[in-house]
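Student: Hi! Could you walk me through this one? I'd like to begin with its pockets.
Tutor: Happy to. Here it is.
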Amino acid sequence: MKQTTVVMAALLGGSLYAFPGHAQGVAPFRLGAIVDMTGVYSAHGGPGMVTAVKMAAEDFGGKVLDRPIEVLSADYQNKVDIAATRARQWYDRDGVSAIIESTDSASALALQTLGKEKKRITLFAGSASSNLTNAACSRYGVHYVYDTYVLANGTGRAVTRAGGDSWFFITADYAFGHSLERDTSNVIKANGGKILGNVRAPLSSPDFASYLLQAQASKAKVIGLANAGTDTQNAVRQASEFGITQGGQKLATLLVFLHDIKGLGLQAAQGLQFTTGFYWDRNAETRAWSQRYFERQKSMPSMVQAGAYSATLHYLQAVQAVGTDDADAVAAKMKEMPINDFYATNGRIRADGRMVYDMYLAQVKTPAESKGEWDLLKILDTIPGDEAYRPLSQSECPLVKPAG
């Protein structure tokens, strides 16, 4: 593995990562990573996702098309306009060939639109809205890690079939939350359940008391948390303080990351079930890669961080295979090539841009079950990719809809 260096540069308020010793005058091959560096989504994406992208570039050999790879990164501060402006500057001024993101869904949809306009590949690693491969799909967009449909189909179906047939939602009030609530509601109803109500909470809400009291008063068997990051942590922690789960209602955390469990602690989080695309301790391959990541980042990777590595490597392999960064050629090759690495086995990218691979139903361990600091989960079930994701027969993506 080549040694790397971080080149400090005042580049659009971001950072630049390059491989040393490359020939002067050779134009770099640039990738852009847009993330939340310090906010509500920073733990499961953030600097750790940038680290994963750099590792992928490094493991690829540091060069593609005989050009040194440079990774630019930027903090979009959870603002759609900043994400769109930074991406446009990278494309227009800095020759970025592709962008990988760990953003909110509203920002991701803006990046999808821009990537379509500029004919550049966008890799979606952190955003969740299933609209990215449905009505808002693009031939240049690849939704790699998870989406609201698979979260709903995994967790929503399992909880409803286990007897949780009445739900009340506490939903993040933006595109991601709305999409997650919608997709989960559809799964619940399809499995014989009913929705008793919902309330929407602003992003980064520190106090969920009023929302939890409304959910408690609904008498729903299940309180669905259609949020993520520290919002999920705050809601779970406060639900425990209010005795809601002790009173018989069940929490369904629809999007949970490893770092949420770490932040909550096993005492508060034990027993929570959720759908995930990756767990570091699942097998020998995941453990080996995750240990390398841990040596760099001093934490185990989330599914977003691990998925970002896999997505970046797959993109670079496609570029090398076709001999160009032309987005049409690269997108076609990415869809043609199977994905087999520590992250996914026999993964494939469909015409709508959805990467389909097996997902997992996980449960948080009890304190007594845990054998170490990051020994947090047990895998209850494997959900085959073809069962987990929205079938193309139900897609509204114009790339797959029959003509006429």
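Student: What volume does the largest pocket have?
Tutor: The largest pocket has a volume of about 200 Å³. A pocket here is an open set of points on a 1 Å grid over the protein atoms alone, where a 1.4 Å probe fits, with protein on both sides within 12 Å along at least five of seven lines. The volume is the space filled by probe spheres set on the points, joined across faces, edges and corners. Keep in mind that this is a predicted model, where local features need pLDDT of at least 70, side-chain atom pairs count only at pLDDT 80 or more, and totals for chains, interfaces and linings use all residues. Residues are numbered from 1 along each chain as its sequence is written, and side-chain values use heavy atoms, leaving out hydrogens and water.

Student: Which residues line the largest pocket?
Tutor: Among them are Val236, Ala239, Ser240, Lys250, Leu251 and Gln267; a lining residue has an atom within 4 Å of a point. Helix H7 (229-241), strand E12 (250-253) and helix H9 (266-269) each give two or more residues to that lining. Helices are DSSP runs (H or I, at least four residues), as are strands (E, at least two), numbered from the N terminus.

Student: Which element gives the most?
Tutor: H7 does, with 3 residues.

Student: And what is the lining like by class?
Tutor: There are 5 nonpolar, 6 polar and 1 charged residues. Ala, Val, Leu, Ile, Met, Phe, Trp, Tyr, Cys and Pro count as nonpolar, Asp, Glu, Lys and Arg as charged, and the others, Gly among them, as polar.

Student: New topic: at what angle do H10 and H11 cross?
Tutor: H10 and helix H11 (residues 303-322) cross at roughly 100°, and their axes come within 12 Å. Axes are lines fitted to C-alpha atoms, for helices over the stretch in contact, with angles from 0 to 180 degrees between N-to-C directions. H10 and H11 are therefore roughly perpendicular to each other, a label for 65 to 115 degrees.

Student: Which residues make that contact?
Tutor: Trp289, Arg292 and Tyr293 come from H10, and Gln305, Ala306 and Tyr309 from H11. By class, the contact of H10 with H11 has 4 nonpolar, 1 polar and 1 charged.

Conventions:
Parallel < 35°, antiparallel > 145°, perpendicular 65-115°, else oblique. Contact = heavy atoms within 4.5 Å.
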